[in-house]
Amino acid sequence: MTDTMTKPAPINHWLGGKLTPGTSGRSAKVFNPATGEVQGLVDLASRAEVDAAVAAAVQTARSWRTVPLSRRAEIMFRFRALLDTRRDELARILTREHGKVHADALGEIARGIENVEFACGVPNLLKGGYSEGASTGVDVYSIQQPLGVVAGITPFNFPAMVPLWMIANALACGNVFILKPSEKDPSASLFIADLLQQAGLPDGVFTVIHGDKEAVDALLEHPDVAAVSFVGSTPIARYIYQKGTEHGKRVQALGGAKNHMLVLPDADVNMAADAAVSAAYGSAGERCMAISVVLAVGDVADGLVDAIASRLPALKVGPGSDAANEMGPLISREHRDRVAGYIGSAADQGATVVVDGRAQAFDGNGFFLGVSLLDHVTPEMDAYRDEIFGPVLCVVRVPTYEAGLKLINDNEFGNGTAIFTRDGGAARQFQFDCQVGMVGINVPIPVPVAYYSFGGWKASLFGDTHMYGPDGVKFYTRTKVVTSRWPDPATSRVDLGFPQNR
């Protein structure tokens, strides 16, 4: 076998409607998390490459914004159809580079397609308001116009869905879009770029520029980038927001989470246990809407912990390419080791390790970690305070509803939360009382449907607008109000007085 045959494949940028090798001389390894093998080398853009990509996007923006709404909608419909027919291919890319199981990858794509479906309605979404006869002979109306060049910086955990949260609305609203995907699993973005081109999107309207902090800073500082969307950890979200706004940009930056599930004594224990297992360990816990803390109220705790623990031995953990597996590896060896460290620290700090994922053995060099369940966790422990972002579920025992609610509201994050109960009054009070952006009532992962919007509160969101849905349209457009008069020339005269509405 020759060196050429074994060399990792290059992963290039997407510029001007085609794959374009980088010129910086820098690249990063892309691993197969299930085997630990390097399977690609992704180009890392220099500041000069980013500047050139933005300059090209500025030129394209002038023509794309004039494309009729009906044409933009037609492209979105075609794009949606292509995503639908080729979702299995895209899912295999996600499994190969991210590691998630195929069924989970298909679920991610389905949620992304929902956002494209929403954007297909852009002719209706961009309807403005009109007031005839606001004053004598004067009409007033509002119009929504695109911002121009906008950028998205997306995370490794949903390499297809999160870009689709941004891309669909941004393009449909008449913007050109520059995507900087995670360098850990970048190939899904190129697959999406190819489908957009097949759908009829003009070359240059969508760009993929790979990179690290150098590329991110170049986008945040470039004067021709009007807005930046970001999803990732809270420290980086805060940085993106501060640096972007300092340079005059509109920024929406979604950060981390510590999602609690409050289980009341009247809850169906089996239903709550099923929900906790699904929400804690799906996607190997690498999602910002994962339930990482169960707040067990009163005497429900013992039975709930037993019910959760009894379900864990049946979970199948292994390569995502095997349809029998329910959970794949973590994204990297370093992250796997970091997550495993929380299990040991929790035990050292007084928690009970009911199920230890470190004890599960796996063949090969993949980045696997079994599922873990920690009981008697307290708010002072590292496993409670930090966003673990892995398959570790903490159980905190609280005496009352009020005590559980206080923990939720005192937490620095406010992304998602859930309550499990049969009491409608308690559930209604909870949705009013909790200081969190997305709430589930007997629903463990309350990700909004595409015609609402996604986003948390507190340290889970930096900026004023949530992502996708109506807020997405609002973010990628700006409103202009036009006041018009078409008077009878015979009535025209000079009037230096202040304009009146009557």
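Predicted model: local features only at pLDDT ≥ 70, side-chain atom pairs only at ≥ 80, totals over all residues.

Q: What does arginine 397 form a salt bridge with?

A: A salt bridge here means a side-chain nitrogen of Lys or Arg within 4 Å of a carboxyl oxygen of Asp or Glu. The partner of arginine 397 is aspartate 375, and their closest N and O atoms are 2.8 Å apart. Aspartate 375 sits in strand β16 (residues 372-375) and arginine 397 in strand β17 (residues 392-398), so the pair ties together parts that are 22 residues apart in sequence.

Q: Is aspartate 375 buried or exposed?

A: Buried means under 20% relative accessible area. Aspartate 375 has 3%, so it counts as buried.

Q: How many salt bridges are there in the whole structure?

A: A search turns up 24. One of them joins the side chains of glutamate 108 and lysine 100, at 2.6 Å from N to O. Both glutamate 108 and lysine 100 are buried.

Q: Which residues are linked in a network of salt bridges?

A: Look for Arg80, Asp84, Arg87 and Glu117. Within that group, the side chains of aspartate 84 and arginine 80 meet at 3.6 Å, N to O.

Q: Where do aspartate 84 and arginine 80 lie?

A: Here's the general idea: an α-helix has 3.6 residues a turn, so residues three or four places apart point the same way. In this case, both residues are in helix α3, four residues apart, about one turn of the helix. Aspartate 84 is partly exposed at 31% relative accessible area, and arginine 80 is partly exposed too, at 24%.

Q: Which residues of helix α15 are buried?

A: In α15 (residues 401-410), the buried ones are Tyr401, Gly404, Leu405, Leu407 and Ile408. They span an arc of only 155° around the axis, which puts them on the same side of α15.

Conventions:
Residues numbered from 1 in each chain as written. Heavy atoms only, no water. Buried < 20%, exposed > 50% of the residue type's maximum accessible area, 1.4 Å probe, protein only. Helix = DSSP H or I, 4+ residues; strand = E, 2+ residues; numbered from the N terminus. Arc of directions from axis to C-beta.
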